[in-house]
Amino acid sequence: TVAAFDSFRFVIKGTLAGGAVYVAYDQGLLGSGTQGAEALKKAQAALPPAIQEWTSYIGWEVRTVQMNTLPPTPKFDFSPSDSWNKGVQTVMSALSVAPTRACEYTVEGWKYVKDLVK
């Protein structure tokens, strides 16, 4: 029964993760930078009405005057592709230097051990 429960949990988690990836793809978040910017604009336009509807459903009173006094959403000047490329370059640079660094650290380690044995 425990194994069946663990399998069930795995299936549920996998389904939720797959659904999240599908929604992100469907909204254009996994596409180009322009598709991501369009998705962000859609989200910024949909958020205030959704909050208003949710708070009225819950029973909280939100005055429209308060909604209008909220500061505007910040403008993002962020390019996901540039950040991604920089991250890939950093990782590849670290991987290309790794064998040399491993040799250097090995030599230092042997030298340390030899000094301890003397």
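1. The secondary structure of the protein consists of 4 helices and 0 strands, where helices (H or I, at least four residues) and strands (E, at least two) are DSSP runs numbered from the N terminus. Along the sequence the pattern reads α-α-α-α.

2. This is a predicted model, in which local features need pLDDT of at least 70 and side-chain atom pairs count only at pLDDT 80 or more, while totals for chains, interfaces and linings use all residues. Residues are numbered from 1 along each chain as its sequence is written, and side-chain values use heavy atoms, with hydrogens and water left out.

3. Of the 118 residues of the protein, 3% count as buried, a term that stands for under 20% relative accessible area, with exposed meaning over 50% and partly exposed the range in between (1.4 Å probe, protein chains only). The accessible surface comes to about 10,700 Å², and 67% of that belongs to carbon and sulfur atoms; such areas come from the Shrake-Rupley method with a 1.4 Å probe, and for residues only the protein chains shown count as cover.

4. Helix 1 (residues 2-26) has 25 residues, which at 1.5 Å a residue should span 36 Å, and its end C-alpha atoms are 36 Å apart, in agreement; the expected span is 1.5 Å times one less than the number of residues. Helix 1 is followed by Gly28, whose phi is positive, near 90 degrees.

5. Just after helix 2, Gly59 takes a positive phi of about 110 degrees.

6. How many salt bridges does the count come to? There is 1 salt bridge, defined as a side-chain nitrogen of Lys or Arg within 4 Å of a carboxyl oxygen of Asp or Glu. The side chains of Glu104 and Arg101 form it at 3.5 Å, N to O, and both residues lie in helix 4, 3 residues apart, about one turn of the helix. Glu104 counts as partly exposed because its relative accessibility is 37%, and Arg101 counts as partly exposed because its value is 42%.
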